[in-house]
Number of protein chains: 2
Amino acid sequence: MARRKDHTHEEIRTLAVGILMEHLQSFPPETLSLRKVAQRVGYSPATLINVFGSYDQLLLAANAQTLDQLSARLNNAQTRHPGGLEQLLAFAEAYLEFARQHRYQWQLLFQHRMPDGETVPHWQQQRIDSLFAAIENALSQLAPAAPAAELQLASRTIWASVHGICALALDDKLFAGSHIHGTPMMSSLIRHYVSAWCQQHNAPGATNNKGN
Amino acid sequence: MARRKDHTHEEIRTLAVGILMEHLQSFPPETLSLRKVAQRVGYSPATLINVFGSYDQLLLAANAQTLDQLSARLNNAQTRHPGGLEQLLAFAEAYLEFARQHRYQWQLLFQHRMPDGETVPHWQQQRIDSLFAAIENALSQLAPAAPAAELQLASRTIWASVHGICALALDDKLFAGSHIHGTPMMSSLIRHYVSAWCQQHNAPGATNNKGN
DNA sequence: CTGGAATTGTGAACAGTGTTTATTATATGA
DNA sequence: TCATATAATAAACACTGTTCACAATTCCAG
């Protein structure tokens, strides 16, 4: 009844996450369940609970991997278009393209809500920090005089907007009907926002804000 | 076993939706269930299924009401700040404020995924259309020469961005740590984007786009 | 009035979910 | 060799949304 199967906890982890990821290539998250994963991975549901602690944490492990893939894409985009406007455009497009190619992974990543007020895992925080650092860096190249607070506000604003465009471009809950594609929106957003932002922070008599 | 209770189908509908909405003032959607609503409304689960067709459609009815409330707020914002930049700012702020005040309603509205490829209900499409019409109208006041396609792209871009800022301002999944509030981001987004957009479409030698 | 037919409502069952616990089977070390 | 720690699970629990046969009520024709 407890026939040993010679798998490390860590092996079971990667195995289960692998099954989950493979499923997410073709099917939405709600078609999965702990029991189905358990069956496909060859272990009982209780075993997976033992290994992960809960089904939620299994999903979270999958999200970790998704975030790693996404992070790799963004790093790649950064090395191919280092600095300035091109980098920001490359970031936005890479984000959008990843979401399109792995929409169910992406869906799971953002639909999954943290139970009550638990803190975000540190590895996730790290990825996020480096992303914003890259954005701020690109912005500061375009307007060296811009103060840190403005860089922070601008980077957050840009990324939240990119995320919003991405979210509504995938399942057109808001855009039902009008066939607007994501890429032109990304381009429009980045170009216009950055254009005005640079203009403001490169104006003669620099650091004062003209009124936010 | 089937004691008549003298309630119209329509009455049961509004009753159940009312219970649901009241619950959403304080608690997240996943703490609810068909059975709990049924108990609070004084009917059996099967009866609610009879009336609504499914639990999903009960949630959808609640979303309809949420969308009505949201629509009313936006209309109100429109009459208080008619036209131009101020209207766009008022829209964005009203959207954000509503999401903050009724975060669980808002959460349910956007986390709820349509089953497969079903079309969005027409009443929802109508609300959306009128919203975009208002945005396009405000934009065209700022740049009368802008062609329709550009108005459409800009309005969608702006609203997706507003939505993204709103989404990430509520549960800071991406912004964990850095305490950036929604309002300054909304202001930054609208002001910068619209500024550059107007500049482009009011340039001498108007309608050609300088490169999207 | 009376007696079928339509309406209204539900209890019980079904298949599914995540999680807990007691128990069994294997491996390890003294 | 035998106690002990580990690995794995079957079974039970408390849920979930949904289906269906059936009971209670109303309605309406004869």
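Colleague: How many residues of chain A are in contact with chain B?
Modeller: On the chain A side, 38 residues, and they meet 39 residues of chain B. Keep in mind that this is a predicted model.

Colleague: Which helices of chain A supply that side?
Modeller: α6 (103-111), α7 (122-142), α8 (148-170) and α9 (182-201) of chain A each supply at least two residues. α8(A) gives the most, with 13 residues.

Colleague: And by class, how many are nonpolar, polar and charged?
Modeller: The side of chain A that touches chain B has 20 nonpolar, 14 polar and 4 charged residues.

Colleague: Step back a bit. How many helices and strands does chain A have?
Modeller: Chain A has 9 helices and 0 strands. Buried residues account for 37% of its 212 residues. Take the contacts in chain A between residues at least 6 apart in sequence: 64% of them join residues at least 24 apart.

Colleague: Back to α8(A). At what angle does it pack against α5(A)?
Modeller: About 30°, with the axes 10 Å apart; α5 covers residues 84-101 of chain A. The cut-off for roughly parallel is under 35 degrees, so α5(A) and α8(A) count as roughly parallel. Their crossing is right-handed.

Colleague: Which residues make the contact?
Modeller: From α5(A), Leu88(A), Ala92(A), Tyr95(A), Leu96(A) and Ala99(A). From α8(A), Ile158(A), Val162(A), Cys166(A), Ala169(A) and Leu170(A). By class that is 10 nonpolar, no polar and no charged residues.

Colleague: Now chain B. How do the axes of α4(B) and α5(B) cross?
Modeller: At roughly 150°, coming within 9 Å. Here α4 is residues 55-80 and α5 is residues 84-101 of chain B. That angle makes the two helices, α4(B) and α5(B), roughly antiparallel. This crossing is right-handed.

Colleague: What meets what there?
Modeller: In α4(B), Leu70(B), Arg73(B), Leu74(B), Ala77(B), Gln78(B) and Arg80(B). In α5(B), Gln87(B), Ala90(B), Phe91(B), Ala94(B) and Phe98(B). The contact of α4(B) with α5(B) divides into 7 nonpolar, 2 polar and 2 charged residues.

Colleague: Last topic, the largest nonpolar core. Which residues touch the most other members?
Modeller: Ile135(A) and Ile135(B), out of 118 residues in that core.

Colleague: What does Ile135(B) touch, leaving out residues up to four places away in sequence?
Modeller: Leu88(B), Phe91(B), Ser155(B), Ile158(B) and Trp159(B). Phe91(B) also came up in the contact of α4(B) with α5(B).

Conventions:
Residues numbered from 1 in each chain as written. Chains lettered and ligands numbered in written order. Predicted model: local features only at pLDDT ≥ 70, side-chain atom pairs only at ≥ 80, totals over all residues. Core = buried A, V, L, I, M, F, W, Y, C linked by C-beta atoms within 7 Å. Buried ≥ 20, exposed ≤ 12 C-beta atoms within 10 Å, placed from the backbone. Contact = placed C-beta atoms within 7 Å. Helix = DSSP H or I, 4+ residues; strand = E, 2+ residues; numbered from the N terminus. Nonpolar A, V, L, I, M, F, W, Y, C, P; charged D, E, K, R; others polar. Axes fitted to C-alpha atoms, helices over the stretch in contact; angles between N-to-C directions. Parallel < 35°, antiparallel > 145°, perpendicular 65-115°, else oblique. Left-handed = near helix turned anticlockwise from the far one by under 90°.
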